[in-house]
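Dear colleague,

Please find the structure below, handed over for your use. My notes on it follow directly after.

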Amino acid sequence: MKWRSAEPARKRICVCLITAVFGAALAGVAVGQDNHAVDEIQKYRQMLQEGNPAELMELKGEELWTTARGPKNATLEQCDLGLGPGKLEGAYAQLPRYFADTDRVQDAESRLVTCMQRLQGIGPAEATRGWYNPNSDLEALTTYAAARSKGHKIDVPAAHPREREALRIGEELFYRRSGPLDFSCATCHSLDDRRIRLQELPNFQVRASAQSSMVTWPAYRVSQSAVWTMERRLIDCIRQMRWPEPDYLSEAIVDLQVYLQHNASGGVMEAPGIKR
Amino acid sequence: MVQPRIFLLVAFASVAPLAFGDEASQRAAEEVVRKSFSTATPDQWATRMQQDEVQALCSRYRNAPPPEIASKILAAQQRTFKYPADGKLMGDWREGEKLASIGTGGHIGNIQPDPPGRKKGGNCYACHLLAPKEVAAGTIGPSLTGFGKLRGNAPETVKYTYEKIYNAQAFVPCSMMPRFGLHGWLTPKEIADSVAFLLDPESPVNQ
């Protein structure tokens, strides 16, 4: 909080202006020429990167991290995201991973819920209530944790037997087709340089492409006016596939992330990113 | 049975030298799916999560089935077609054009479900370039611009186009394209309208 306390207000105004001006420009590009439209979106992203609204979420997350809360009136500063209690720098980039104390493979969000319960006495039901609403506490905390991995390489070797099993399941899920449209993740994400409408799609079978996607999550989504975490992203993909909604923090969502992060390993974290 | 494994090794070389996709992994994944979709109703489970044989096979073989599995899929899928009651396989291209842009309908869950009965479309533009005037067209599937201009609209072409939209896997086993007719996502009449959008000389696809 302290080291940038003068920044946010100015940044906020700047962000709003950029959003308004370029939002209008974006609406116009859809009728323009195809590659031109993609170029314009790239430019728009670059400009927004200068004042990404996700930074507000990062600040909120930092405040939640450092403020004593819950029945135990404790902060999250001693939370162990995999590198040891209180060791936050670079931890997100190595998630999901196996945690012996819960005997589970956990991603950032499920681990944060564990910390809220153990350190602060805030139960899972309360911790996850309205998790999908813009500006939710978990969205903010996840964004903050991810931002503390900026510049760190994604490193999910899946060496532990339980991580290996999660990788195996995650890959299986990636190719799992079902439902009235026969979709799987692979339908949209196993070909190079393809788009849905104008939206470019990463190919998660290819390391460079997986990296370019995964290093920018969580991300501020202009179309949603909200930061989306990877859980939110995956659960919405599955909604679009016309499947029922998977449970938040469920094993399937964690295992899918093991597969994606494993494939993206070596990519240097830039989150929070900014997307359409 | 050896062939697909070699293929997978090649396909995955860029990421990791892993070639999963055996029945044991598939069963383990199904177990995780069971636990992870706890709010799905029995009906949703049956219609949206339970895999039919083709979906399970395409999943296992990563959409590249070995020849004997591919022929088995082709033979079974070629027996699935149903046609419009009036026998007309080419309908109204204007209706087909509308369906090509509709990407709503059929979303369930608690966060952002569609209202029941919301119009479903083919959403062709998500994956295909069709009328050149629509630039916001996806590229997952091939460009279909000039589809009718290139092929004409002789009865066998009309029939092929209808059946391809009805069940793409009757032609390409494990095709990425949804089997719109088989699943009842589009009605026979709506498929005929989509055929007209592709084949009618008046359609903007052929202008």
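Two residues are taken to be in contact if their C-beta atoms, placed from the backbone, lie within 7 Å. On that basis, the contact between the chains takes 50 residues from chain B and 45 residues from chain A. On the side of chain B that touches chain A, the largest share, eight residues, comes from H2(B). The residues of this side divide into 25 nonpolar, 21 polar and four charged (Ala, Val, Leu, Ile, Met, Phe, Trp, Tyr, Cys and Pro count as nonpolar, Asp, Glu, Lys and Arg as charged, and the others, Gly among them, as polar).

This is a predicted model: local features need pLDDT of at least 70, side-chain atom pairs count only at pLDDT 80 or more, and totals for chains, interfaces and linings use all residues. Residues are numbered from 1 along each chain as its sequence is written, while chains are lettered from A and ligands numbered from 1 in the order in which they are written.

In chain B, Ala131 lies in the loop between helix H6 (93-101) and helix H7 (147-151); helices are DSSP runs of H or I with at least four residues, numbered from the N terminus. B:Ala131 counts as partly exposed because it has 18 C-beta neighbours inside 10 Å (20 or more would be buried, 12 or fewer exposed, and partly exposed is in between). Leaving aside neighbours within four places in sequence, B:Ala131 is in contact with B:Pro204 and B:Val205. The C-alpha atoms of B:Ala131 and B:Val205 are separated by 4.1 Å, although the two are 74 residues apart along the chain.

Definitions and conventions:
Helix = DSSP H or I, 4+ residues; strand = E, 2+ residues; numbered from the N terminus.
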